[in-house]
Amino acid sequence: MIKISHLVKNYGNFTAVDDISFEVAKGEVLGFLGPNGAGKSTTMNMLTGYLSSTSGSIKIGGVDILDDPLNAKRLIGYLPEQPPLYPDMTVEEYLSFAYDLKNCKLNKEKHLREICEVVKITDVYKRMLKNLSKGYKQRVGIAQALVGNPPVIIFDEPTIGLDPKQIIEIRNLIRTLGKEHTVILSTHILQEVQAVCDRIVIINKGKIVANELTENISRAVENTRRFNVKISGPQRDVLAMLRNLPGICYAEVLAARDGDAYTYMIESEVGIDVRKKLFWALAERKWPLIGMEALGMSIEDIFIAVVDKTAPEGVQRPKKKSRYEGVRAAEEKEVAAGIVEKTVKDQENASYDEESSDSAYYEDHSIKEDTFASEDKTEEKK
């Protein structure tokens, strides 16, 4: 539904967006992420036709945003970070204005009422926008993006200013919209991306550094093999038991101590869950298990690790202090490296496929031209 090919945006000598390419399928919810200054907002502005690109192309439903901007924009519903509201209008007047502006052909009253029910602003339909809370203003902004039932919906920070209950409602709305629409969600709330998006694209320093299915990233986050366990018992004996327990490939005692309980860091073998074995082994020896914590990662950790991986030399996060944090940082780097390497390979393969396609096209046409040329010469001889 959306195809971005070799998109570049220069401001003088500064390259804000540097040859990025990705696609978004119909019915897909894409999370578009990046740190401040990464080129995310510039890409969004080009995607909506607000800015023109230096080179490259953006196609919405097969329509080029530069060649035919009017028809391309008809396919887009857009909620910017600051909703474009007119404070002296009522909600009804504003949505009616958006309806007319988009030259919508649907039954006006019925269509606007349905949108209001979806975003839950029916109870403020007759109120002036300047008298609404920030949360309600955000909902009205979402409503105007839905006017005309566009096949592509772009949300830039849609849950800013909403309370937890409203955030959940908007997340559910985005999931529902994703069943029939193509949705791009740009946000700094990474749990939101993990909750609603099918795929995640991360941009940094103007380049795509990650393009991965959310379920694959979630699997990497949750698939931990390292645990922090606090066990009450003789340290030397406990450590020896941990190192000899089938399924555990590494164990060490950490500095943390709580009475007669010590904290140990253990690592299991690939594909083995040692938690039940550990519980029964400790119960058999009557060593109480005080606590267990997976040394897993969050999606924030993955995001930061990917950004760090692609940052210029010398720009890095402060080093982890504890051994526990060092182990976790190593795992973050490992996952981030895999994501970045896969993204680079995918982009190289995509570029190769395009070049092959172009070469085949020109080769085919050059053959035809040669054929026509030889036919012309034959005719001349005759």
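**View 1. His6 counts as partly exposed, at 28% relative accessibility.** The model shown here is a predicted one, in which local features need pLDDT of at least 70 and side-chain atom pairs count only at pLDDT 80 or more, while totals for chains, interfaces and linings use all residues. Residues are numbered from 1 along each chain as its sequence is written, and side-chain values use heavy atoms, with hydrogens and water left out. Throughout these legends, buried means under 20% relative accessible area, exposed means over 50%, and partly exposed lies in between, computed with a 1.4 Å probe on protein chains only. His6 is not a glycine, yet has a positive phi of about 45°, and this residue is found in strand S1 (residues 2-11). Helices (H or I, at least four residues) and strands (E, at least two) are DSSP runs, numbered from the N terminus. Asp19, likewise not a glycine, has a positive phi of about 55° and belongs to strand S2 (residues 14-24). With a relative accessibility of 40%, Asp19 also counts as partly exposed.

**View 2. Strands S2, S1, S4 and S5 form an open sheet of 4 strands in the order S2-S1-S4-S5, with antiparallel pairing.** The edges of this sheet are S2 and strand S5 (63-64), each of which pairs on one side only. Two strands are taken to pair if DSSP finds at least two bridges between them. Strands of a sheet pair through backbone hydrogen bonds, in either a parallel or an antiparallel sense. S1 and S2 run antiparallel and are joined by 8 bridges, and within this pairing Tyr11 stands opposite Phe14 in S2.

**View 3. Strand S8 (residues 182-186) is mostly covered, with 5 of its 5 residues buried.** The cover extends over both faces of S8, where Thr182, Ile184 and Ser186 on one side and Val183 and Leu185 on the other are all buried. Strand S7 (residues 152-156) runs parallel to S8 and is joined to it by 5 bridges, with Ile153 opposite Val183 in S8. Strand S3 (residues 29-33) is also parallel to S8, and 4 bridges join the two. Gly31 has Leu185 as its bridge partner in S8, while Leu30 stands opposite Ile184 in S8.

**View 4. Strand S3 is largely enclosed by the rest of the structure, because 5 of its 5 residues are buried.** Val29, Gly31 and Leu33 point one way from S3, whereas Leu30 and Phe32 point the other way, and all of them are buried. Besides its pairing with S8, S3 pairs in the parallel sense with strand S9 (residues 199-204) over 4 bridges.

**View 5. Helix H9 (residues 235-244) has Val238, Leu239, Met241 and Leu242 as its buried residues.** Seen down the axis of H9, these buried residues fall within an arc of 160°, so they line one face of the helix; the arc is that of the directions from the helix axis to the C-beta atoms. Arg236, Arg243 and Asn244, on the other side of H9, are exposed.

**View 6. The largest pocket holds about 880 Å³ of space.** Its lining includes at least two residues from each of helix H2 (69-74), strand S6 (76-79) and helix H3 (91-101). On a 1 Å grid over the protein atoms alone, a cavity is a set of points where a 1.4 Å probe fits but cannot get out, whereas a pocket is an open set with protein on both sides within 12 Å along at least five of seven lines, and lining residues have an atom within 4 Å of a point. Grid points are joined across faces, edges and corners, and a volume is the space filled by probe spheres set on the points. The lining of the largest pocket comprises 27 residues, of which Lys73, Ile76, Leu101, Lys102 and Gln144 lie nearest the centre. H3 gives the most to this lining, with 4 residues. By class, the lining has 16 nonpolar, 8 polar and 3 charged residues, where Ala, Val, Leu, Ile, Met, Phe, Trp, Tyr, Cys and Pro count as nonpolar, Asp, Glu, Lys and Arg as charged, and the others, Gly among them, as polar.

**View 7. The structure holds 0 disulfides.** A disulfide is counted here as a pair of cysteine sulfur atoms within 2.5 Å. Cys104 counts as buried, at 13% relative accessibility, whereas Cys249 is partly exposed, with a relative accessible area of 42%.
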